[in-house]
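Dear colleague,

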Amino acid sequence: MSVITSCATHPRRGIALLLATVMTTVVGIALLVMWRGVGDNRRTSVAESATRRAAALAESAQVAVFFAADSGAWRALSVPGSSQRIAIVTARRESRASDLARTGWLTLLARGTGTASAGRVGIVARADRRTLIPLTAPITLPHAAVTGGALSWLVDSAAVVDVPMPSGRERICRAGLTVAPTGVAAFPPAFQPLLLPMVDPDTVRDTVRGAVRIVGPLLSRPLQVIGILALDSDLLIGADLHVSGVLITRGSVRPSGGHLAVTGAVLAGDAGGGGGQSRLGVGDHVRYDACAARRALELVTTLGPSATWTRLSFY
Amino acid sequence: MHAHRARAGVTLIELMVALVLLSMVLAIGALIAQRVLHVEYRTSALSVRRQSLSDALVTLARHVAEIDPRAGDLRVASDTALELLRPVGVTSVCRIVADTLTVGSGSDTLAWSTRLPRSVAVGDQVRAWTDATGRWQTRTVIDVLPASDACGDSVFPWPDRAVQRVVIDDSMPTIHPGAVLKVLQHERWSLLRGGSGEWSLALSAWDPARAQLGIPQPVHSPLASPIAPGGAGFSVRAVDTVGAVLTAGQLTRARSLLVVLRTPAHVRFGVTSDSVRINVGHH
């Protein structure tokens, strides 16, 4: 009450009060404009930082896929069209996911995605990084149950070379390949440098799994192999030999008292020096199985060199 | 009583003195503020000019960075024109029969495929990865039809849905369902003069309806004219591994593109320019 009375009695004080009110209003409006400007800048800055963060998360997620692929995680992807979640990391305002997919028998796709949200208004940025990784296989899937390097195989009338009609998974493994019982094809040049562990068939009792070499030419004890059995010479089958996968020899394959049973395919280079032609004797049985052969060939398939990896991200 | 009134009030002289002092302070403050604002404006304007040039270069670099010169993606890269095939997306082959390619719908949930940012159009190029050779095969799209059935074929099933049937100019016999498929768009960057008389960096993308490059759209302006004393507003050169400038017939050897943007001379700010080196292809 005393202030009003004072104002009423002192008009100059009223003018001062009016000036103060006007100035306060002007300053208030200026502050509001500044605040809005700062807000706009802040939103832009938040969006940019979220985008950068999402991109960084996607890159790191993809690097995780590269590491996983390099350490052999791709071998779990047995069929084109299969994919595997390598990792997913979720935090309060960000997440990243790493996926490895198989798009073909010799193609992998590494994918990293990152999501980052920022700001109170909930800006969400998403980034996606993909890279195509070719696989390198030293030996391609054989087009015949038994393949000679220079000469066609001699097949005894009592031997069986079976190429069943493809169905189910076998159809996928063949991928449209036309398969013949016998064939002639150049011996795969990339086979020789392959470093495969040596196995002495005389000391092996259990089934051998993996890709191995044995010293030839005579096999005198029964042997069972799931994978790849390789020889740098001829192979004289003096005891029963069971192979589920691929039997590959630089020389020829000939019976010598034992029986050969293969589920997969046989490749003979006909270059062993023995001079013989590859032959299937009485009771030998070769059944073409593209899936078994593919599983075996996967053992010697590796990731292509990083120079051949192709970035597929578009941003 | 008189003494009390004199102490409580403010004389006109006191008020005048206060107002004069306040005016002086405000005047000095306004002068300083004006200078600061002027410097700020100049800095900000220069920064905006540089930033807008940089933004235009970033946009261009995003379009250019994914091209593969060895596959012929770089058509023209000289003076004030850049013509290229830009990948716009990646998806997978759903099915292929002779010269008709079915494209998968794609989905962000599939690790091997992404929904394309736009449909495949006539005049686009499609590039499919061939496992057997480890190379890309490129074809031109000559017709597009809708599709909506399962992917894969009797031999090779593929877990996706068909979205488009694309007739290409030649068959791709060694491609199987699931092969990675890149879709590329023909586009041209050039320095063009608009109706306002300003020169601008313009982008024209392929127009499938007219079967030619579309009307150029300005990306950044103003830029210096092609005959400006300091150099053209937009200039591009392709160089090889040792930095030698490549001519039209040598563009498959390109390893980098050198791009310069330059504004016209401004009475206050002069010429602003920015440049970028964009590495292309495998490194």
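Predicted model: local features only at pLDDT ≥ 70, side-chain atom pairs only at ≥ 80, totals over all residues.

Chain B, sheet and helix

Chain B has an open sheet of 3 strands in the order β12-β13-β14, with antiparallel pairing. Strands β12 (234-239) and β14 (273-279) of chain B are at its edges; each has a single partner strand, so one side of each has no neighbour in the sheet. On average, and ignoring direction, neighbouring strands of this sheet are turned by 15° against each other. Between β13 (residues 256-262) of chain B and β14(B) there are 7 bridges, and the two strands run antiparallel. In this pairing, B:Leu258 is opposite B:Arg277 of β14(B). Helix α2 (residues 12-64) of chain B packs on the sheet and touches β12, β13 and β14 of chain B. The direction of this helix makes about 20° with that of β14(B).

Chain B, single residues

B:Asp160 is part of strand β7 (residues 157-168) of chain B. Leaving aside residues up to four places away in sequence, the contacts of B:Asp160 include B:Ser92, B:Gly104, B:Ser113 and B:Cys151.

B:Ala98 is in the loop between β2 (81-97) and β3 (100-104) of chain B. Its phi is near 50°, a positive value in a residue other than glycine. With 54% relative accessibility, B:Ala98 counts as exposed.

The peptide bond from B:Ser221 to B:Pro222 is cis, and its omega is near 0°. B:Pro222 belongs to strand β11 (residues 217-223) of chain B.

Chain A

In chain A, 3 strands make up an open sheet in the order β11-β13-β15, and the pairing is parallel. The edges are β11 (218-219) and β15 (253-255) of chain A, each with a single partner strand, so one side of each is left without a neighbour in the sheet. Strand β13 (residues 235-237) of chain A pairs with β15(A) over 3 bridges in the parallel sense. A:Ile237 is opposite A:Pro255 in β15(A).

A:Asp270 is in the loop between β16 (260-268) and β17 (279-280) of chain A. Phi of A:Asp270 is near 60°, a positive value in a residue other than glycine.

Regards

Definitions and conventions:
Residues numbered from 1 in each chain as written. Chains lettered and ligands numbered in written order. Heavy atoms only, no water. Helix = DSSP H or I, 4+ residues; strand = E, 2+ residues; numbered from the N terminus. Contact = heavy atoms within 4.5 Å. Pairing = 2+ DSSP bridges. Buried < 20%, exposed > 50% of the residue type's maximum accessible area, 1.4 Å probe, protein only. Axes fitted to C-alpha atoms, helices over the stretch in contact; angles between N-to-C directions.
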